[in-house]
Amino acid sequence: MSEEKDLQNTFPHLSRRGFFKGSAALLGGALISQLPFETNAYARYGADDTIKVALIGCGGRGTGAAIQALSTQGKVKLVAMADAFRDRLDESFTAVSTKFPDKSRVDVPEKNKFVGFDAYKKAIPLADVVILATPPGFRPIHFEEAVNAGKHIFMEKPVATDGPGVRRVLAAAEIAKKKNLNVVVGLQRRYQNAYLETIKRINDGAIGDITSAQAYWHNAGVWVRPRKEGQTEMEYQMRNWYYFNWLCGDHILEQHIHNIDVVNWVKNDYPVSAQGMGGRQVRNGKDHGEIFDHHYVEFTYADGTIFNSQCRHQPGTMNRVEEVFVGTKGRATLSGDGKGIVTDLKGGSIYNHRSKNDPDPYQTEHDKLFAAIRSGSVINNAEYGAKSTMTAILGRNATYSGQVIKWDDALNTQISIMPEKFAWDAPTPTKPDANGNYPIPTPGVTRVI
Amino acid sequence: MNLHKFITSGAVTVILLVAAGFTNKQPLPNSVANSFQEDKFDPYRETIPGTKVSFELVPIKGGEFRMGSPATEAKRKPDEGPQHKVKIEPFWMGKYEVTWDEFEIFVYKEIEKQSMNASSMAATGPSDAVSRPSPPYLDMTFGMGKSGFPAINMTQFGALTYCKWLTAKTGHFYRLPTEAEWEYACRAGATTAYSFGDDPTGLDEYSWNFNNSNAGTKKVGSKKPNAWGLYDMHGNVAEWTLDQYDPNFYAQFAKATATNPWLKPTKLYAHTLRGGSWDDDPDALRSAARQFSKPVWKQRDPQIPKSQWWFTDASFVGFRVVRPLKQPSAEEIAKYWSEPIKDYGS
């Protein structure tokens, strides 16, 4: 099989010519030239200190994020909403206005509700803070637009689904830094007491030098949205976005990034290479697109530390969502439900976090963001958000290809998995065959870089 | 084999085609066999049809008791009074809290399919008409253990819908206990703070609580039962009842005997739980102690609307089932099932 055939096997929309052309458009230096410098964006609010918010991506998570933004201290108001689908926008509007019936918090007139692929372009200019919560494939273009417009940003993880997307986010992150924009990324463990307190102890040497790490995201999986009569292929994929790589990036990225990010955080570094294995065993229906249901990846850091990452979406199997660090003097186990346990190598307790009265980390993210905006200080999570996104993509590259993949090669790849055009009748990056099945990545065959 | 029960549009029609069992050489499913025992009111084991998973039921005779705590009881709270007379109809009650072994068959259709043999596949029809929980976003065991451990973190709606599913599968009407039924069964004839007496130091023999649980649920039935043979009524997990929580509910019964009292829920919060959990101190484990659900139990659910099936922060919440001796009519049964109420982050 030719290289091109191999590529098309994985990413059928890409001819060699096609992806080089596409990537050139992605990589342009247009960003830098549009850079208006601003010192303290807060000064712009004038006499009325209301912070105006636009929600881009009105699904369940975006709606939750909007409610959290509106629950922060001080005057804050939702003024614009954007989504690809009108029904999602309407459901979201109902939810936020049920929670906040007062117009001082939610004031989104019909003219500020925008629908379609370019809806974000119309909503972003109307706000001081934008919430980016669409499926992750769109994050790079939305983040770029928001940074160029000089807006403060809350963006959900992950922040891209391929190497070119990550590069785009990293480039925009540099501009955000120069503009003193606040950027909070929804890796909420970074804002959770159990993690902050336990990792402080790890950093203070409680377990000695870290020699290895394990991370797990094992559960049953998520929703499936079946195909409906009359949908174009693009609409179907947008609705059932979890199962398509250009939109979701596979569950190793979409969910397991939380655990991967914790390991990067504690290591204060990013892996240099990865190898691993994965596949589809139970999630193999037509509604399951192209993604795997299990991955096992061995990441290697520059100092030789090995990080074993496991994620699985298989009902009925062992559930576990956790990170474990082993050091020369002890072990630490952390999890999102508030666990933070540090022991010596014989199991003797060093620290056990009691999380019963800890604040909600999803709320804390927004509290810190809005407090920073009001005080004129700057939080910028974009770089670690992008690099932990890249780490999970590196892992996916390893399991899809069955090869050892190097960080630099994965980050700098010319292969974009995004569509060349966004429209309801535009071709999708991957297409079903005559039986409705999608091409599945095949280790040993699939090329990823 | 023909199915002996159907569910249509939320209303349950239970049609026992017992004759089908006689015209067929296959053994009767347990659910049909059990229906012959209704008058006997004995302990029995219900097998979830088509699976190897079963649970045990204990008969609780009808009677009268004084509900709530006397004003003299140590650590008593105002919502436990006034103490009043309650009359209860007979019912069976789960000997143990519902375990993950049982609950996951309901949560994951795939598990149900895999655990069924070919001949029993036909029996999936009616239960398919009951909606099932969305797969949980988090690991809902929170690492505390699964097989033999109580199922946790489900909402009252999730627990009640399990009962609806179980009813459809077995043909027996299962539901949550009312608060009154729960307290009656917990006391097992005792009038003391706990079913075994007033002294909390006795709890260690009967209960998994904050002092002995090492921060987690434990396998059901690993402590002593109460006088009526029910395990883990004090501790392990706090158990859902069928009631809306109202601290003043008892006042209306101060002067007259209440017969099968039940405050049917109309609001998402708060619902009543009983029995206390692994995370509770002794005062919350008393027979009369009432707990109620709180929005903070879903604080880490990042989606809006929040899940109608799961809590993210209530690993101390579980339930057990009851079955009234007199099986109600389909119309009566339908009144027990609730429609989900959207949770916009109350």
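This is a predicted model: local features need pLDDT of at least 70, side-chain atom pairs count only at pLDDT 80 or more; totals for chains, interfaces and linings use all residues.

**Backbone features of chain B**

Phe41(B) lies in the loop that runs between helix H2 (30-35) and strand E3 (44-47) of chain B.

*Positive phi values*

- Although Phe41(B) is not a glycine, its phi is positive, at about 55°.
- Phe41(B) has a relative accessible area of 16% and therefore counts as buried, the cut-off being under 20%.
- Ala188(B), likewise not a glycine, has a positive phi of about 50°.
- The loop between H7 and helix H8 (203-206) of chain B holds Ala188(B).
- With a relative accessibility of 10%, Ala188(B) is counted as buried.
- Most residues other than glycine have a negative phi, and most peptide bonds are trans.

*Cis peptide bonds*

- Gly81(B) and Pro82(B) are joined by a cis peptide bond, with omega near 0°.
- Pro82(B) is placed in the loop between strand E5 (63-67) and strand E6 (84-88) of chain B.
- A cis peptide bond also leads from Tyr269(B) to Ala270(B), where omega is near -5°.
- Ala270(B) is placed in the loop between strand E9 (258-259) and strand E10 (271-274) of chain B.

*A covered helix*

- Helix H7 of chain B spans residues 179-187 and is mostly covered, with 9 of its 9 residues buried.
- The buried residues of H7(B) include the charged residues Glu179(B), Glu181(B), Glu183(B) and Arg187(B).
- Trp182(B), Tyr184(B) and Cys186(B) are also among the buried residues of H7(B).
- Ala188(B), with its positive phi of about 50°, comes just after H7(B).

**Chain A as a whole**

- Chain A contains 15 helices and 15 strands.
- Chain A has 449 residues, and 61% of them count as buried.
- Among the contacts in chain A between residues at least 6 apart in sequence, 75% link residues at least 24 apart.

**The two domains of chain A**

- Chain A is divided into domain 1, made of 2-189 + 365-381, and domain 2, made of 193-357 + 390-412.
- Contact between these domains involves 24 residues of domain 1 and 31 residues of domain 2.
- About 2,100 Å² is buried between domain 1 and domain 2 of chain A, and carbon and sulfur atoms give 65% of this area.
- Phe85(A), Thr161(A) and Arg189(A) supply 35% of the area that domain 1 buries against domain 2, more than any other three residues.
- The domain interface of chain A has 3 salt bridges.
- Arg189(A) and Glu323(A) form a salt bridge in which the closest N and O atoms are 3.5 Å apart.
- Between the domains of chain A there are 8 residue pairs in polar contact, both residues being at pLDDT 80 or more.
- On the side of domain 1 that touches domain 2, H5 and helix H8 (163-178) of chain A are the elements that give two or more residues.
- H8(A) provides the largest share of that side, 5 residues.
- By class, that side of domain 1 has 12 nonpolar, 6 polar and 6 charged residues.

**The interface of chain A and chain B**

- Chain A brings 33 residues to the contact and chain B brings 21 residues.
- The two chains bury about 2,200 Å² between them, with 52% of it on carbon and sulfur atoms.
- Asn319(A), Asp337(A) and Tyr362(A) supply 21% of the area that chain A buries against chain B, more than any other three residues.
- There is 1 salt bridge across the interface of the chains.
- A salt bridge joins the side chains of Arg354(A) and Asp279(B), at 3.4 Å from N to O.
- The interface of chain A and chain B also has 6 residue pairs in polar contact, both residues being at pLDDT 80 or more.
- Helix H4 (60-70), helix H5 (86-99), strand E7 (210-219), strand E11 (320-327) and helix H13 (361-375) of chain A each supply at least two residues of the side that touches chain B.
- H4(A) gives the largest share of that side, 5 residues.
- The side of chain A that touches chain B has 10 nonpolar, 14 polar and 9 charged residues.

Definitions and conventions. Residues are numbered from 1 along each chain as its sequence is written. Chains are lettered from A and ligands numbered from 1 in the order in which they are written. Side-chain values use heavy atoms; hydrogens and water are left out. Contact means heavy atoms within 4.5 Å. Buried area is the accessible area (1.4 Å probe) that two parts lose on being put together, summed over both. A salt bridge is a side-chain nitrogen of Lys or Arg within 4 Å of a carboxyl oxygen of Asp or Glu. A polar contact is a pair of N or O atoms within 3.5 Å; within protein, one must be able to donate a hydrogen and the other to accept it, and residues adjacent in sequence count only if both atoms are side-chain atoms. Helices (H or I, at least four residues) and strands (E, at least two) are DSSP runs, numbered from the N terminus. Domain bounds come from an automatic or database domain assignment. Buried means under 20% relative accessible area, exposed over 50%, partly exposed in between (1.4 Å probe, protein chains only).
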